[in-house]
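Look over the sequence and the structure below before reading on. The paragraphs that follow take the ligand as their starting point and then turn to the protein chain around it.

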Amino acid sequence: MGNRDYFILSKGHGGPSFYATLSLKGFFPEEVLYTLNQNGTILPSHPDRNLTPGVDMTTGSLGQGISAAVGVALSHKLTNKENFTFCIVGDGELNEGQCWEAVQFAAHHKLNRLFIFVDDNKKQLDGLTKEIIDPLDFEEKFNAFGFFTVKVEGSSLKEIYEAIEKGKVQSAKPIAIILDTVKGQGVPYLEEKFDNHHIRPSQADEKAISATIVQLENKIGKAVKL
Ligand SMILES: Cc1ncc(C[n+]2csc(CCOP(=O)(O)OP(=O)(O)O)c2C)c(N)n1
Ligand SMILES: [Mg+2]
């Protein structure tokens with residue numbers, strides 16, 4: 001690992017979108033993306049730091065990523081490094097107690113270069129978070145745990161960017177950015193489907209999804225070129 005910021009995708013099942021970003025950032029060629037999950041690939045469905053360039057932490061067993069991120073941020077603090085550590089967690093994942101132990105530790109040690117992003121999409125694998133174990137209000141909760149907390153519209157790059165900039169200049173606390181999101185965001189077919197954690201689409205579904213993906217690609221492609 002070099003002298004750069006660090007990123008831990010605690011909700012490791014988001015691996016494919018992480019890989020797309022790593023490829024755009026030049027960690028490996030775009031063609032490699034098409035080997036996702038195939039035998040011998042360097043891109044397994046969940047990130048593996050021993051396989052994929054740019055992956056800082058192996059994840060997939062939910063609940064552990066914040067602890068790993070806290071460890072990285074603490075080591076930077078102890079060695080007077082100015083690198084930031086970014087971590088994305090799921091709202092369902094935050095049911096796990098280990099996350100809150102790590103959060104308390106981060107606040108106690110004033111890890112002010114640690115950012116935790118909560119993908120607050122109100123759902124986990126098999127239902128609504130508020131019906132499984134109600135997480136209550138993440139903004140209030142992270143504030144109570146001693147974080148500098150900002151809630152943003154999760155699909156707004158502008159709001160996310162501004163929240164990061166705000167977080168970087170406050171001095172004593174770790175930062176939580178609560179992303180108000182929709183599970184399957186950007187693909188109406190998936191947004192509207194209740195049971196949408198993983199699906200096996202019919203041919204008609206595939207057609208509807210692919211059409212939206214082309215539109216999204218054009219939109220993102222333009223944004224990336226900016
Ligand atoms: C320790 C552990 N238990 C169960 C799973 C299986 N699992 C994979 S994704 C998921 C749901 C996670 O929900 P959430 O954190 O809300 O993620 P998102 O909604 O962003 O997919 C579960 C239970 C797992 N990966 N790790
Ligand atoms: Mg969720």
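In this predicted model, a backbone N or O atom of Glu 93 lies 2.8 Å from an oxygen atom of ligand 1. Gly 92 also takes part through its backbone, where a polar atom is 2.8 Å from an oxygen atom of the ligand. With Asn 121 the side chain is involved: one of its polar atoms lies 3.0 Å from an oxygen atom of ligand 1. Taken alone, ligand 1 exposes 600 Å², and the protein buries 75% of that area.

Which residues come nearest to ligand 1? Of the 17 residues around it, they are Lys 11, His 13, Gly 60, Asp 91 and Lys 183. Sorted by class, the shell holds eight polar, seven charged and two nonpolar residues.

Now consider the protein chain as a whole. It is divided into domain 1, residues 6–183, and domain 2, residues 187–226. Taken over C-alpha atoms, the centres of the two domains are 23 Å apart. Nine residues from domain 1 and nine residues from domain 2 make up the contact.

The size of an interface is often given as the accessible area lost when the parts come together. Here domain 1 and domain 2 bury about 730 Å² between them, with 63% of it on carbon and sulfur atoms. On the domain 1 side, Lys 123, Leu 125 and Lys 183 lose the most area to domain 2, together 60% of what that side buries. Lys 183 was also named above, among the residues that come nearest to ligand 1.

What kinds of pairs link domain 1 and domain 2 across the interface? Five residue pairs are in polar contact there, while the count of salt bridges between the domains is zero.

Terms used:
Residues are numbered from 1 along each chain as its sequence is written. Chains are lettered from A and ligands numbered from 1 in the order in which they are written. This is a predicted model: local features need pLDDT of at least 70, side-chain atom pairs count only at pLDDT 80 or more; totals for chains, interfaces and linings use all residues. Side-chain values use heavy atoms; hydrogens and water are left out. A residue is near a molecule or strand if one of its heavy atoms lies within 4 Å of it. A polar contact is a pair of N or O atoms within 3.5 Å; within protein, one must be able to donate a hydrogen and the other to accept it, and residues adjacent in sequence count only if both atoms are side-chain atoms. Accessible areas come from the Shrake-Rupley method with a 1.4 Å probe; for residues, only the protein chains shown count as cover. Ala, Val, Leu, Ile, Met, Phe, Trp, Tyr, Cys and Pro count as nonpolar, Asp, Glu, Lys and Arg as charged, and the others, Gly among them, as polar. Domain bounds come from an automatic or database domain assignment. Contact means heavy atoms within 4.5 Å. Buried area is the accessible area (1.4 Å probe) that two parts lose on being put together, summed over both. A salt bridge is a side-chain nitrogen of Lys or Arg within 4 Å of a carboxyl oxygen of Asp or Glu.
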